[in-house]
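Here's a quick briefing on charged side chains. Have the sequence and the 3D view open as you read.

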Amino acid sequence: RRSFREPAMPIMMSRIESRIYLFRWVGKVTAVAARESLFDDIETIQEAGEAPFIGIHDLKGVDRLPPDIRGFTKMVNEARSHLAFTILVNAPPGAAAIMKVMQVFAPTLREVRVCNTMDEAIVAAQSVLKVLNAESGEGD
């Protein structure tokens, strides 16, 4: 029997604190689905006046990362003016290497950090936010 309900979004966003957002990846995430989800979320974050922001990507529930590196790096480049920093947590083996390759093709990607725990990721995001705020004069 076939279900006619809409599939859940493969990436669910939640706000941790001002300018720090959590993105939980679930199941098989295609580059197209990731792009649609990310740009919908960016619009929401912009409307809240919190761009550029730090994205913590929890990959614990992901079956596999999108195989289209070029499409994925294009998406990252398009999102760059909104995304200040990316942190991966619970990344599957090889995810950090993929992100380093993406940095070669997406030079506008400022930095990617890989953390082992959510607590470590949040502390890293807060540290980066302090630096970004100091650079922009918002930390005064």
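**Charged pairs and a charged patch**

Asp58 and Arg24 join their side chains in a salt bridge, with N and O 2.7 Å apart. Keep in mind that this is a predicted model. In total, the structure has 2 salt bridges.

**The Asp58–Arg24 pair**

- This one links distant parts of the chain, since Asp58 sits in strand 3 and Arg24 in strand 2 (residues 20-28), 34 residues apart.
- Asp58 is buried, at 5% relative accessibility.
- Arg24, on the other hand, is partly exposed, with a relative accessible area of 41%.

**The Glu50–Arg15 pair**

- Arg15 and Glu50 make a salt bridge too, and their closest N and O atoms are 2.8 Å apart.
- Glu50 is in the loop between helix 1 (31-47) and strand 3 (53-64), while Arg15 belongs to strand 1 (residues 11-17), so the pair ties together parts that lie 35 residues apart in sequence.
- How accessible is Glu50, buried or exposed? Glu50 has a relative accessible area of 9%, so Glu50 counts as buried.

**The negative patch**

- Over on the surface, there's a patch of negative charge made by Glu36, Asp40, Glu43 and Glu47.
- Glu36, one of the patch residues, is part of helix 1.
- With a relative accessible area of 48%, Glu36 is partly exposed.

How values were computed
Residues are numbered from 1 along each chain as its sequence is written. This is a predicted model: local features need pLDDT of at least 70, side-chain atom pairs count only at pLDDT 80 or more; totals for chains, interfaces and linings use all residues. Side-chain values use heavy atoms; hydrogens and water are left out. A salt bridge is a side-chain nitrogen of Lys or Arg within 4 Å of a carboxyl oxygen of Asp or Glu. Helices (H or I, at least four residues) and strands (E, at least two) are DSSP runs, numbered from the N terminus. Buried means under 20% relative accessible area, exposed over 50%, partly exposed in between (1.4 Å probe, protein chains only). Patches are made of residues with over 30% relative accessible area and no salt bridge: like charges are joined within 9 Å, nonpolar side chains (Val, Leu, Ile, Met, Phe, Trp, Tyr) within 5 Å. Accessible areas come from the Shrake-Rupley method with a 1.4 Å probe; for residues, only the protein chains shown count as cover. Lys and Arg count as positive and Asp and Glu as negative; His and the chain ends are not counted. The place of a charge is taken as NZ of Lys, CZ of Arg, CG of Asp or CD of Glu.
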